[in-house]
Amino acid sequence: GGVGKSSLALTEAMAMASGRALLGIEPPSPLNVWYWNGEDPIDETQRRIAAICKHYLISPADFDGRLFIDTGRETEISIAKGSPRGLALNDVAKQELIETIHEFGIDVVIIDPFVSSHEASENDNGHIAAICKRWAQIADETGCAIEFIHHARKMGVGGSGDVTADDARGASALLAAVRSARTLNQMSKEDAEKAKVERPR
């Protein structure tokens, strides 16, 4: 928590929607991006977008009509619900997601965080595998990319070293299901000195 996952995801969303190489990679063309945050209120996301615009000198016209934002507090997504009797997949939610993606021509969906998009145990490999398969079906049927923002498990007392993809919280089925995974780590003082960064935090 607090390492910058949401800020990075939003900056990448802005880069894709504006078609600008904000982080060094230029999209082949401006894309329609749907960013859904299941935890924060909408005004928090709007503040982050305003900060990104200020930092990168972006005007609203640069991404107008291509960046879509939602909050789980107003637009809930529950792709599945777990219980002692098993996992119930939500076909209505799946269809509504597909229809929304088609309606607005969405190229990329960012789910932040993954755990907020379902009501199943994070530690159940069978349930998480089935939920990932359902998201893959949505991607296949719409032709859009789907990105999950996910938390790492809490490291033990005295834990040191960088977090790796294997430190993802909950079931290993999530890591097995995704096409690629990356991690964010806070810069160490040593890395900062090598990169000549004065304020590593």
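Select Ala 80. Leaving aside neighbours within four places in sequence, Ala 80 is in contact (heavy atoms within 4.5 Å) with Leu 87, Ala 88, Leu 89, Asn 90, His 118, Glu 119, Ala 120 and Ile 131. Ala 80 belongs to strand β3, residues 80–83. Helices (H or I, at least four residues) and strands (E, at least two) are DSSP runs, numbered from the N terminus. Ala 80 is buried, with a relative accessible area of 1%. Buried means under 20% relative accessible area, exposed over 50%, and partly exposed in between, with a 1.4 Å probe and protein chains only.

A note on the model. It is predicted: local features need pLDDT of at least 70, side-chain atom pairs count only at pLDDT 80 or more, and totals for chains, interfaces and linings use all residues. Residues are numbered from 1 along each chain as its sequence is written, and side-chain values use heavy atoms, with hydrogens and water left out.

Next, Ile 131. Not counting residues up to four places away in sequence, Ile 131 touches Ile 79, Ala 80, Leu 87, Phe 114, His 118 and Ala 120. Now show the largest nonpolar core, which has 22 residues. A nonpolar core is a set of buried Ala, Val, Leu, Ile, Met, Phe, Trp, Tyr and Cys residues joined through side-chain atoms within 4.5 Å. Ile 128, Ile 131 and Trp 135 touch the most other members. Colour the elements that give two or more residues to this core: β1 (33–37), α3 (91–103), β5 (108–112), α4 (125–142) and α5 (173–177). The most comes from α4, with 5 residues. Apart from this core lies another, of 20 residues, including Met 14, Val 33, Tyr 35 and Leu 67. In soluble globular proteins, nonpolar side chains tend to be buried together.

Move to Ser 117, in the loop between β5 and α4. Is Ser 117 buried or exposed? Ser 117 is buried, at 0% relative accessible area. A polar atom of the Ser 117 side chain lies 2.8 Å from the backbone oxygen of Phe 114. Beyond four places in sequence, Ser 117 touches Trp 36, Ile 77, Ser 78, Ile 79, Ile 111 and Trp 135.

Stay in that loop for Pro 113, also between β5 and α4. The peptide bond from Asp 112 to Pro 113 is cis, with omega near -5°.

Two phi values deserve a click. Most residues other than glycine have a negative phi, and most peptide bonds are trans. Leu 57 has a positive phi of about 55°. Leu 57 sits in the loop between α2 and β2 (67–71) and is exposed, at 72% relative accessible area. Lys 196 has a positive phi of about 60°. Lys 196 lies in the segment after α6 (189–195) and is exposed, at 76% relative accessibility.

Last stop: the second largest pocket. Select Val 3, Gly 4, Ser 7, Leu 8, Thr 11, Leu 23, Arg 48, Ala 51, Ile 52, His 55, Tyr 56 and Leu 184, which line the second largest pocket. On a 1 Å grid over the protein atoms alone, a pocket is an open set of points where a 1.4 Å probe fits, with protein on both sides within 12 Å along at least five of seven lines; lining residues have an atom within 4 Å of a point. Which element gives the largest share of the lining? That is α2, with 5 residues.

Terms used. Polar contact = N/O pair within 3.5 Å; in protein donor to acceptor, adjacent residues only side chain to side chain.
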